[in-house]
Amino acid sequence: MGKKGDRGAKDKVAGASLEEEGKNAAKRTDQHGEEEYQCTGLLEQDFNELCCRAGLTKIPKVTVRLQSVCNLFLPEESDTLAEKEVPANLTQIQSKYAYFHPCIQTELEHDDPKSTREIFLRGWKIEERMLAVFSKCLPALANLQAVHLWKVGLTDLSLLSLIAILPNCPNLKTLTLEGNPLAEGSFYRLIGEESTLAHVSLRNNNIGNADAKLIGQALSTLKSSNKSLVSLILSFNHISDLGAGYIAEGLRLNRSLLCLSLAHNQIGDQGTLKLAEVLGPFALTHTEVVERRRLLLEKESQERSRSPLRHADAKSSERPSSLVSNTTIDKLQSAKQSKSGSKKKEPLKKEEKAQANTAGGGGVVGGPAFVPAKKEDAKQAKKSVSLPLVVSTPEQKVVRGKGTKSGAKEKRSLLPELEVVEPTEIVNPLLEQAEHRDGKVFLPGNRVLINLNLTWNQITEQGLKAFLAAMESQQQASKSTAGVKSQTGLLRLSLGKNRFPPDSKTFAKLQELMLPRDPTYSQLSKAPDEELAVPS
């Protein structure tokens with residue numbers, strides 16, 4: 001009986017293991033009963049195999065993209081006249097029509113077949129089965145950075161399938177979707193809060209005001225904002241003043257977008273006023289003020305829970321508790337007060353006065369300034385009780401004297417403080433330094449956007465004046481914060497081919513103000529036709 005019982009138990013274990021292996025084998029097979037294909041990272045091989053398994057009969061060819069299409073039409077110089085006549089014409093015809101055949105063009109990194117960097121699809125419809133193939137082969141491309149789609153017949157439903165592929169391609173940061181209108185205008189889903197795309201181009205997609213509203217809400221709302229998008233191209237669409245206002249609303253609380261193109265649209269002076277208003281100081285609405293107060297209270301409670309001592313120091317200052325500063329100077333001061341003993345307070349004050357009188361100059365303390373001291377400096381620090389930092393009030397800058405060097409222990413103690421202060425994510429714009437004026441709360445405006453293209457619209461003299469006022473405000477703010485690391489503001493503004501006269505004095509002032517700010521000014525001055533904001 002014992003032997004039979006052992007045998008039965010062994011049979012059960014063996015049966016269970018066989019059943020488990022059968023389940024695993026079933027998982028490794030696809031709907032046709034074949035083993036699941038493991039992609040190799042070679043796009044041509046993987047794509048062809050997956051298309052065959054999906055039952056696709058017409059498989060687009062995978063080719064390396066030529067740098068210059070003109071080379072296809074130029075015969076070699078070594079050919080004789082007799083050889084050029086028929087073969088050259090035949091080659092031209094074949095090349096011409098082959099260009100329109102469905103294919104996948106690729107750009108490689110260092111001519112390595114396994115290092116596909118960019119993919120180009122143009123002029124043929126991508127169906128659901130093809131998207132299923134892409135969902136398997138694209139994530140296997142470790143170096144894939146950009147996908148360019150032009151007139152590929154995507155629908156709102158198939159766009160969702162494409163968006164589902166993006167998170168599985170960690171290095172994919174650029175997506176071009178052009179010449180592909182969508183009935184429900186689902187383009188905004190590409191730049192949602194969870195999106196990881198940095199560059200999105202949506203040219204020539206019949207995007208109207210309703211679509212612009214959804215795109216503006218995707219850029220930012222009171223509760224959420226996109227934090228990854230760097231450039232957005234919306235040119236060659238049908239955005240009017242109303243749509244430009246929606247985009248401007250999205251720019252109010254967005255602090256990631258650097259470049260925006262609204263060229264070749266239908267934007268007039270009213271839309272221009274909305275865009276210009278966001279670039280300068282603007283008043284918060286009632287709901288934004290309420291949200292700002294909530295965020296300030298939440299921030300204060302978090303600081304109180306993290307460091308009760310720091311909160312007590314900040315509360316004892318003359319400023320209101322709801323406006324407790326989170327600057328580097330405050331943190332350095334609180335750390336300094338907590339680490340210094342009661343016996344060192346009197347010598348510290350004397351030494352601060354002596355240091356302030358004898359220092360030959362100073363500058364703002366930054367991360368690179370705190371370098372571990374040498375042994376000689378440490379010995380010198382033991383002999384003299386001098387301290388390198390002068391912190392009198394929270395409003396004053398931290399100053400280092402040129403004549404003295406700090407001790408190693410003091411530098412080591414200050415180094416962790418600076419590492420903690422370094423921001424790791426974009427701060428909510430509602431927590432920016434605000435100005436209270438005429439019973440309203442004003443934010444400094446969006447000074448993250450550095451490139452705005454509004455060529456070929458319907459802007460007149462009135463719109464130019466709005467931009468001039470906004471740029472003068474940004475320039476004044478830059479002068480007031482000279483020497484302090486801050487956001488730069490708009491550097492390039494393109495307003496050519498609009499409806500203002502060529503001899504506009506407002507445009508001349510705006511150009512005089514903007515050209516020195518433009519980092520490409522030296523190159524543009526050599527090419528007058530491409531000059532910044534040149535009117536028609």
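Predicted model: local features only at pLDDT ≥ 70, side-chain atom pairs only at ≥ 80, totals over all residues.
Residues are numbered from 1 along each chain as its sequence is written. Local features need pLDDT of at least 70, side-chain atom pairs count only at pLDDT 80 or more, totals for chains, interfaces and linings use all residues, and side-chain values use heavy atoms, without hydrogens and water.

**Exercise 1.** Find which strands pair with strand S3, and in which sense: parallel or antiparallel.

Solution. 
- Strands are DSSP E runs of at least two residues; helices are H or I runs of at least four. Pairing takes at least two DSSP bridges.
- S2 (residues 103-108) runs antiparallel to S3, joined by four bridges. Here Gln 105 stands opposite Phe 120.
- S4 (residues 146-150) pairs with S3 in the parallel sense, over five bridges. Here Leu 121 stands opposite Leu 149.

**Exercise 2.** Explain why S3 is described as largely enclosed.

Solution. 
- Buried means under 20% relative accessible area, with a 1.4 Å probe and protein chains only.
- S3 spans residues 116-122, and five of its seven residues are buried, so the rest of the structure largely encloses the strand.

**Exercise 3.** Locate Arg 517 and state what its side chain meets.

Solution. 
- Arg 517 sits in the loop between helix H16 (505-514) and helix H17 (521-524).
- Arg 517 is buried but has no salt bridge (side-chain nitrogen of Lys or Arg within 4 Å of a carboxyl oxygen of Asp or Glu).
- The nearest side chain of opposite charge, Asp 518, is 9.2 Å away.
- A polar atom of the Arg 517 side chain lies 3.2 Å from the backbone oxygen of Thr 488.

Note on methods: Buried < 20%, exposed > 50% of the residue type's maximum accessible area, 1.4 Å probe, protein only. Lys, Arg positive; Asp, Glu negative; His and termini not counted. Polar contact = N/O pair within 3.5 Å; in protein donor to acceptor, adjacent residues only side chain to side chain.
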